[in-house]
Amino acid sequence: MNAPRYAVVGNPVAHSLSPDIHAAFARETGLAVDYRRIVAPVDGFASSVDAFFADGGRGVNVTVPFKLEACAYCGDRISPRARRAGAVNFIAHETDGAHGDNTDGIGLVTDLARLAGGIGARLSGSRILLVGAGGAARGVLGPLLDAKPQSLCVVGRDRSKVDALIADTPAEGRGFDEIGTMHFDLVINATSASLSGDRLSLPSPIFEDAAIAYDMMYAAAPTSFMVDASAGGTRRVADGLGMLVEQAAESFFLWRGVRPQTGSVIAMLRARLADAR
Ligand code: NDP
């Protein structure tokens, strides 16, 4: 019997590690998976996914720039966490149509909980700073609030986007010029600044008390955000590789009903990134 077929859909998508991650999960669980990359034309997300499903595909992960479109594609058949995020990165093709979910938030919170546990810290009761108000921030805000922090502050350079993000939530919004004297236990970079090598102009006090500074971007070398956080006194810095693997594990679980181990997969990808330097 042929392995069930899945794919990650994006543009660009050649860089995606998702096929490697799902292949590792398949080896570890003994559940065969055929997981590929699909590069969809910028104006052709729905037709690309339609064609994949018509050809027997069972599900897709969705990456840049299609997460909002994927939400619309699934219509009413989206999970509460995807509805809250307004973005879908997971679709299961069922007999009654496409069902959307968002696994980014649980991926981040699972990785943060692992990191926090490793240094005796906790998410609950912590003061969290979330930097950025784009798609990734939308996906993680709700699950971070579910972890019951003492406070959650969102900072962004476009105040209208920050205000739209935090509307109807207990989070507070700030501009970069309004956080100069604030202290946090956890600082999360959800901007794409590291992707373009930009340095965020974050005041150093925000890092002084922090147990963890987390850059959602991942790379072979520490990002400038991680470097600044270490220099500012943060105890532990991390990039988003663990989040990527954890969101994939949640996808695998939703599709296959088995939750794969993630530690060895994170270690394998970390070693591969280091080798590629
Ligand atoms: P978006 O383009 O949707 O949002 C980017 C955000 O970054 C916007 O708020 C933007 O502000 C802000 N920004 C960009 N450059 C700067 C800068 N120099 N200073 C201040 N703010 C800046 O991207 P995503 O939200 O989809 O992705 C954000 C990051 O998260 C990326 O690095 C991505 O790789 C990572 N990511 C990681 C995942 C993982 O599994 N590890 C999953 C998803 C995302 P403005 O709106 O004003 O332009």
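Student: How is empty space in a structure found?

Tutor: Rolling a probe the size of a water molecule over the atoms shows where empty space remains. In this predicted model, the largest pocket has a volume of about 1,600 Å³.

Student: How many residues line the largest pocket, and which lie nearest its centre?

Tutor: The lining of the largest pocket consists of 47 residues. Nearest the centre are V64, A136, T191, S192 and L195.

Student: How do the lining residues of the largest pocket divide by class?

Tutor: There are 23 nonpolar, 16 polar and eight charged residues in the lining of the largest pocket.

Student: What is the volume of the second largest pocket, and which residues lie nearest its centre?

Tutor: The second largest pocket has a volume of about 240 Å³. Its lining holds 14 residues, with R84, A85, R138, L141 and L165 nearest the centre. At least two lining residues come from each of α4 (80-85), α6 and α7 (159-166). Helix α6 gives the largest share, four residues. As for class, seven residues of this lining are nonpolar, three are polar and four are charged.

Student: Which residues line the largest cavity?

Tutor: The lining is made up of N189, A193, S194, D198, R199, L200, S224, F225 and D228. Helix α9 (residues 224-231) contributes the largest share, three residues. By class, the lining of the largest cavity has three nonpolar, three polar and three charged residues.

Student: Now the helix packing. At what angle do α1 and α10 cross?

Tutor: The axes of α1 (residues 18-29) and α10 cross at roughly 55° and come within 10 Å. That angle makes α1 oblique to α10, because angles from 65 to 115 degrees count as roughly perpendicular and those under 35 as roughly parallel. The crossing of α1 past α10 is right-handed.

Student: Which residues of α1 and α10 meet?

Tutor: On the α1 side they are I21, H22, F25, A26 and T29. On the α10 side they are L244, V245, A248, A249, S251, F252 and W255. This contact has nine nonpolar residues, three polar residues and no charged ones.

Student: Helix α5 also passes α10. How are α5 and α10 oriented to each other?

Tutor: The axes of α5 (residues 104-118) and α10 come within 7 Å and cross at roughly 125°. The two helices are therefore oblique to each other. The crossing of α5 past α10 is right-handed.

Student: Which residues make the contact of α5 with α10?

Tutor: Helix α5 brings D104, I106, G107, L108, T110, D111 and R114. Helix α10 brings G242, M243, E246, Q247 and E250. By class, the contact of α5 with α10 has three nonpolar, four polar and five charged residues.

Note on methods: Residues are numbered from 1 along each chain as its sequence is written. This is a predicted model: local features need pLDDT of at least 70, side-chain atom pairs count only at pLDDT 80 or more; totals for chains, interfaces and linings use all residues. Side-chain values use heavy atoms; hydrogens and water are left out. On a 1 Å grid over the protein atoms alone, a cavity is a set of points where a 1.4 Å probe fits but cannot get out, and a pocket is an open set with protein on both sides within 12 Å along at least five of seven lines; lining residues have an atom within 4 Å of a point. Grid points are joined across faces, edges and corners, and a volume is the space filled by probe spheres set on the points. Ala, Val, Leu, Ile, Met, Phe, Trp, Tyr, Cys and Pro count as nonpolar, Asp, Glu, Lys and Arg as charged, and the others, Gly among them, as polar. Axes are lines fitted to C-alpha atoms, for helices over the stretch in contact, and angles run from 0 to 180 degrees between N-to-C directions. Angles under 35 degrees count as roughly parallel, over 145 as roughly antiparallel, 65 to 115 as roughly perpendicular and the rest as oblique. A crossing is left-handed if the near helix is turned anticlockwise from the far one by less than a right angle, and right-handed if clockwise. Contact means heavy atoms within 4.5 Å.
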